[in-house]
Amino acid sequence: MQNHCVVPDCPSGISDFQALFRFPRDPNRSQKWVEQCQRTDLRDKPAEQLYRYYRLCGKHFEASAFDSDAPGSVLKADAVPSVFDVPAQPQAVQVKLEKETTKDNETEKKGRKKMKKAPAEPDTETVQTAPEEDEDRKYLKTLFEVLLLLGEQSIPASVPSEGKDEGFKSCNFQALLEYQMNCGDEVLKKRSDPTKQSCFVKELDPLVAVCEQYVRSKVIEGVKESGFFSLLTDEPVKISGEWCLPVFLRYMDQSKSRQERFAGFLTFEGDAEDLPGKLLDEMTDRWGLDMSQCRGQAHSCSGTHSRKIQAFASKVAEKYPKAILALRSTNPLNLSLANSMAVPGVQLVLSTFKKIESFFSQSPLLQEEFEHAISIFYPDNKGKAEELKKICRTSWTRRNDGFAVALEVIEALLLCADSVHDNEDMRWNDQITYNALEISKALTDFELVMALIVLKNIMAVVQVFGKNLQGKAADVHSASASLTAVLQSLKEILDNIDVYHDFFYDEAVNLAAAMEIPVKVPRRFLRKHQGEPATIQADGYYKEHLTVPAVNHVVSQMNDLFSQNHRLALGCMSLIPDVIERNKSAQPDEENVQVFVDDILNAGSLSAELHCWWVKWSKKGKGEMFPCSLHDTLQLADVKFFPNVLMVLKLLSILPTIALEDSSNVAFKRFQMYTENMPDSVKSKGLALLNVNYNVGFDLDSMVELYQKMYPERQNPS
C-alpha cells in the first residue's frame, strides 16, 4: 500500500498532506483514472491490485467531484480526476483521439441501423479483465504490505522472547496477518498452519532482507543519477549484538535540490587496521556505490570508536583524495571536537551533559526547580538570570557556547540536583532522586570542573567560527575568511601552554573553592600509582593529562577538518549573489574555484564566465533582492548559462559542512527518532532503513521479483 499520490512529482503524502483515495474497483473507471494520471506503468495492472495498493490525492479532483452531503472528504461514485499541472495528453493527440472517437461512433450508429431488423441475440460478450495474479505473488504482496506498514509506523515486527520458550515471540507481523485472515483473506488462510503458533514468523527475515535491499537500491539509484555525492556517518549503533555504522549520502537531485538519504548500516566489528578496507569493500561491492564520485566525507565519533572512525576517514582520503574531509553540519563544532577527544575528563563532561539533558526531560517541574535555583544565584542581576533561564529552556548542552553556559549555571545546577535528591517535600520518585544524586556527584568532581574550564577557554577561540559555519551563506563565507586567524590563535595557546594552563588551573581552583569542592587528582589515577602518591601534584597532573592533550587534539583536528582544499571550497561561497554584492569585490576570487577545476565542464572559459557572473551581481537596484543561499542561487533560471559556475555550486551544495534546509534534513531526524525511541532489543537494520526512507516509492511487483531472485528456493512456499 502506498502512502502518497501516484501522480508523478505530486508531493502529497511526502511534504504536502492531502486526503488520499483508493482507485475504483470497477475496471472501466479504474482505467480512466490511470489514463488521467499519466502512469503508463499502471495500465496492465488489474483493478483489484490498483484498489489495494495505489492512491490518488484529493487535489486532482474538481470540487464538483465530491459529495457535499457526506461528512469529510467523500468522492461521488462517478468521480474522475481532472486537475493536473500538466495536461493529460498533448492537444494534437486529443484532437486525433476525438476524431477517431467520432468516426467510431458514426460507424457504430450505421452498424446499428443496418442490424435494426435482425433478431435480437443474447449478449454473451463480457468485459475483458486482466489475468488473475498467481497465488504466490498475491501471498508475497500481502506479506510485504503488512511489513511496509510496520516499518513506516516504526512498529517492531516482533519482540524476542525473554522466557524459556525461545520459539514464542510477541509478533505484530503475525497479529496483523491473522487480522487480515479474519477479514476473509483466502490466500493467507491457505498458507496458514493452525497447528503452529506464529506460523508466518518464519517469513519475516527474508522479507526484511528484501526490503533492505530494495530501499538501498532506490537510494543508490538516486545518487547515481545525480553523479557526485558526499559520504556521512553517524555514531555507531548496537543492533542484534553487533556494532553497526550508519551511513548517509548527500547529493543533488534532478530538480537541483539537496538531498540527504540514509543508505543503511555497515558492520562495524574488527580491528582498526582491517576494518576500513572492509567497510569500503562493502559499500562498493555489495551496495554498488561508485566512490570515485565521492567529493566529501564527514564523520561523527566519540569514545572507544574514535580511532576506528579516524582510520576509516584516512582510508577514504587515501583512496579517493577528492573526498574532502569536512565537519558535518548537524554537529556543532565544539561538540565535534570534544567528542573525538580520548581524554577522561572531557568524556566525563560529555557524559554528564547527557545525564543533565535526560534528567530535565523527565518533568517540567524539574525545569522550574532549576530556574528557581538560577534566581537564587543571580539576585542582583535579574536580566542575566532571565537570559540564562531562557537559554536553559533549550537544548543548551548542544549549543556552540554550551561549555561556557555550563560554567555560568553550574552552582545553580548543583543546588537544584541536591534539592531534588534531598526530596524533603516528597515531590519526586526514586528514579528522579537517584538521577539527581548521579548529577550531583559528577558536578562535585574537580576533574569535571577543570575539564569544563579548559574546554570553555579553548572552544572560545572557535566559538564564533563554528556558529558562522552553521549560518547563512554570508556567515559561512565570513567563517572561511577568519579560519587563518582562528588557527593562529590556537597555535599561540599551544606555544604558550604553560602560561595558559596556569590561568585555567587558577580559575578552576577558585570555582572549586566557591562550590566547596576539594582539589584532588582522580582516584583511578592514584590507584594506578599507589607507590608514589607524594610526588603526584594536581597542577602537574591536569596539565599533562588534560590541558596539553586537549589543546593538541583541537589544533590537530582543526587542521585535519579544515585542510587547504576545504578552505578553498568554503571560499566558493563568494559565488552567492548576495555575498558578491555585500563584499563589493570588483574581481572574482578564481583561486577558490580551482579546487573543483577537475570537475567543471570547461576550464578554459572559467575566467571569462566568472567575470560575467561578477558583473551580473555586483550592483543591486533599488528594492531588488539577490539570492542569499545556495538553494535560491541554484534555482535561478539563467544559472544554466553559466555551466562552470553551476557545477561549482552543485559541488559546494553537497559539501557536508554546508547546512541543509529543514526539508532536506528529514532522513537524519527520522533516524535519530528511530534510534532514540526504539528499544535496543527490537532494533532492526532493515526496518530502520525502511522507516527512515518511507518515501522512496514502493512497487510491490518489483519487491516480489526481487524476493524471487534472492530466494529462489522459497518459491511456492507451502
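This is a predicted model: local features need pLDDT of at least 70, side-chain atom pairs count only at pLDDT 80 or more; totals for chains, interfaces and linings use all residues.
Reader: How many helices and strands are in the protein chain?
Author: There are 29 helices and 10 strands. Both are DSSP runs numbered from the N terminus: helices are H or I with at least four residues, strands are E with at least two.

Reader: How much of the protein chain counts as buried, and what does it expose?
Author: Of its 718 residues, 47% count as buried. Buried means under 20% relative accessible area, exposed means over 50%, and partly exposed is in between (1.4 Å probe, protein chains only). The protein chain exposes about 36,600 Å², with carbon and sulfur atoms supplying 50% of that. Those areas come from the Shrake-Rupley method with a 1.4 Å probe, and for residues only the protein chains shown count as cover.

Reader: What share of the contacts comes from residues 24 or more positions apart?
Author: Among contacts with a separation of 6 or more, such residues account for 72%. A contact here is a pair with heavy atoms within 4.5 Å.

Reader: How do you know that helix 27 has close to its expected span?
Author: Helix 27 covers residues 666–677, so 12 residues. The expected span is 1.5 Å times one less than the number of residues. That gives an expected 16 Å, and helix 27 reaches 16 Å from its first C-alpha to its last.

Reader: Why are the buried residues of helix 27 said to line one face?
Author: The buried ones are Ala667, Phe668, Phe671, Tyr674 and Thr675. Seen down the axis of helix 27, they fall within an arc of 125 degrees, so they line one face. The arc is that of the directions from the helix axis to the C-beta atoms. As background, an α-helix has 3.6 residues a turn, so residues three or four places apart point the same way. On the other side of helix 27, Met673, Glu676 and Asn677 are exposed.

Reader: What do the buried residues of helix 27 pack against?
Author: They pack against strand 6 (237–239), strand 7 (242–252), strand 8 (258–267) and helix 28 (685–692). Strand 8 is mostly covered itself, with eight of its 10 residues buried.

Reader: What makes strand 7 and strand 8 a pair?
Author: Two strands pair if DSSP finds at least two bridges between them. Strand 7 and strand 8 have nine, in the antiparallel sense, so they qualify. Tyr251 stands opposite Gln259 in strand 8. The two strands form a hairpin with five residues between them, and Lys256 in the turn has a positive phi of about 60 degrees.

Reader: Which strands pair with strand 5, and in which sense?
Author: Strand 7 pairs with strand 5 through five bridges and runs antiparallel to it, while strand 9 (residues 294–299) pairs with strand 5 in the parallel sense, also over five bridges. Leu232 stands opposite Phe248 in strand 7, and in strand 9 its bridge partner is Ala298. Phe229, Leu231 and Thr233 point one way from strand 5, Ser230 and Leu232 the other way, and all are buried.

Reader: Why is the contact between Asp701 and Lys141 called a salt bridge?
Author: The term needs a side-chain nitrogen of Lys or Arg within 4 Å of a carboxyl oxygen of Asp or Glu. Asp701 and Lys141 meet at 2.6 Å, N to O, so the pair passes. It links Asp701 in helix 29 (residues 700–710) with Lys141 in helix 4 (residues 135–152), 560 residues apart. Both Asp701 and Lys141 are buried. The structure holds 32 salt bridges.

Reader: Are Glu242 and Lys685 buried or partly exposed?
Author: Glu242 has a relative accessible area of 27%, so it is partly exposed, and Lys685, at 26%, counts as partly exposed too. Their side chains meet in a salt bridge at 3.4 Å, N to O. That pair links strand 7 with helix 28, 443 residues apart.

Notes:
Residues are numbered from 1 along each chain as its sequence is written. Side-chain values use heavy atoms; hydrogens and water are left out.
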